[in-house]
Amino acid sequence: MGSIHIPILMTTLGVLLIDKCGRRPLLMVRAEQNSIYISATGACLGCVLTGFSFFLQDLQSGKELIPILVLIGVLVYLGSFELGMGGIPWIIMSEIFPINIKGLAGSLVTLVSWTGSWVVSYTFNYLFEWSSAETKGRTLEEIQASFTHIQQ
């Protein structure tokens with residue numbers, strides 16, 4: 001299953017769970033006195049798995065395990081994010097503003113969110129040039145060929 005299907009499936013699952021369980025239980029579960037945020041915890045776990053795989057790569061160990069860990073980490077992150085944090089804030093945002101400013105406030109929130117996404121996307125190339133030890137001196141085709149070789 002391609003990674004494009006994971007967000008669609010998890011968003012659909014999130015919508016169904018929101019209707020059945022409510023927003024609060026989906027974002028957090030009470031475990032005694034501590035609140036555990038399901039969506040945030042899953043996204044964090046996905047990032048940790050992905051980071052750990054690159055740590056293993058630096059140590060030159062577990063070479064056959066690294067691509068699997070990266071894939072699992074990214075899919076866990078995508079799924080967890082889409083399950084709660086991806087959609088619920090947009091639903092809550094549409095409900096918390098009074099009707100007389102809902103359009104303006106929703107537009108402003110969307111503008112800020114998309115501007116933040118644009119800044120992250122725009123600065124990626126600069127950050128990539130700043131820290132490109134893994135791909136330094138290699139063409140895009142060489143990088144793609146190395147990934148193709150790993151998947152086979």
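Cys 44 has a relative accessible area of 44%, so this residue counts as partly exposed. On that scale, buried means under 20% relative accessible area, exposed means over 50%, and partly exposed is what falls in between, using a 1.4 Å probe and protein chains only.

Before I go on, a word on the source. This is a predicted model, in which local features need pLDDT of at least 70 and side-chain atom pairs count only at pLDDT 80 or more, while totals for chains, interfaces and linings use all residues. Residues are numbered from 1 along each chain as its sequence is written, and side-chain values use heavy atoms, with hydrogens and water left out.

Back to the cysteines. How many disulfides does a search of the whole structure find? The search finds 0, where a disulfide is a pair of cysteine sulfur atoms within 2.5 Å. For Cys 44, the closest cysteine sulfur belongs to Cys 47 and is 6.6 Å away, which is too far for a bond. Cys 47 is likewise in no disulfide, and its nearest cysteine sulfur is that of Cys 44. Cys 47 is partly exposed, because its relative accessibility is 45%.

Now the chain as a whole. The protein chain has 7 helices and 2 strands. These are DSSP runs numbered from the N terminus: helices are H or I with at least four residues, and strands are E with at least two. Along the sequence, the pattern reads α-α-β-β-α-α-α-α-α. The chain has 152 residues, and 18% of them count as buried. Contact here means heavy atoms within 4.5 Å. Taking contacts between residues at least 6 apart in sequence, 52% join residues at least 24 apart.

Next, one pair of helices. Two packed helices are described by the angle between their axes and the distance between the axes. Helix H3 covers residues 38-59 and helix H4 covers residues 66-85; their axes come within 7 Å and cross at roughly 165°. The axes are lines fitted to C-alpha atoms, for helices over the stretch in contact, and the angles run from 0 to 180 degrees between N-to-C directions. How do H3 and H4 run relative to each other, then? They are therefore roughly antiparallel. The angle classes are under 35 degrees for roughly parallel, over 145 for roughly antiparallel, 65 to 115 for roughly perpendicular, and oblique for the rest. The residues of the contact of H3 with H4 divide into 16 nonpolar, 9 polar and no charged. In that count, Ala, Val, Leu, Ile, Met, Phe, Trp, Tyr, Cys and Pro are nonpolar, Asp, Glu, Lys and Arg are charged, and the others, Gly among them, are polar.

Some residues in this pair. Thr 50 is in helix H3, and its relative accessible area of 17% makes it buried. What does Thr 50 touch, not counting residues up to four places away in sequence? The answer is Val 70, Gly 73 and Val 74. Ile 68 sits in helix H4 and, at a relative accessible area of 46%, is partly exposed.

Gly 51 and Gly 73 are 22 residues apart in sequence, and their C-alpha atoms are 8.5 Å apart in space.

Between the two helices there is a loop. Gln 60 is in the loop between H3 and H4. Most residues other than glycine have a negative phi, and most peptide bonds are trans. Phi of Gln 60, however, is positive, near 60°. Gln 60 is exposed, with a relative accessible area of 54%.

Last, a residue in another helix. Met 93 belongs to helix H5, residues 88-96. Is Met 93 buried or exposed? At 13% relative accessibility, Met 93 is buried. Leaving out residues up to four places away in sequence, Met 93 touches Gly 106 and Val 109. Met 93 and Thr 110 are 17 residues apart in sequence and 9.8 Å apart in space, C-alpha to C-alpha.
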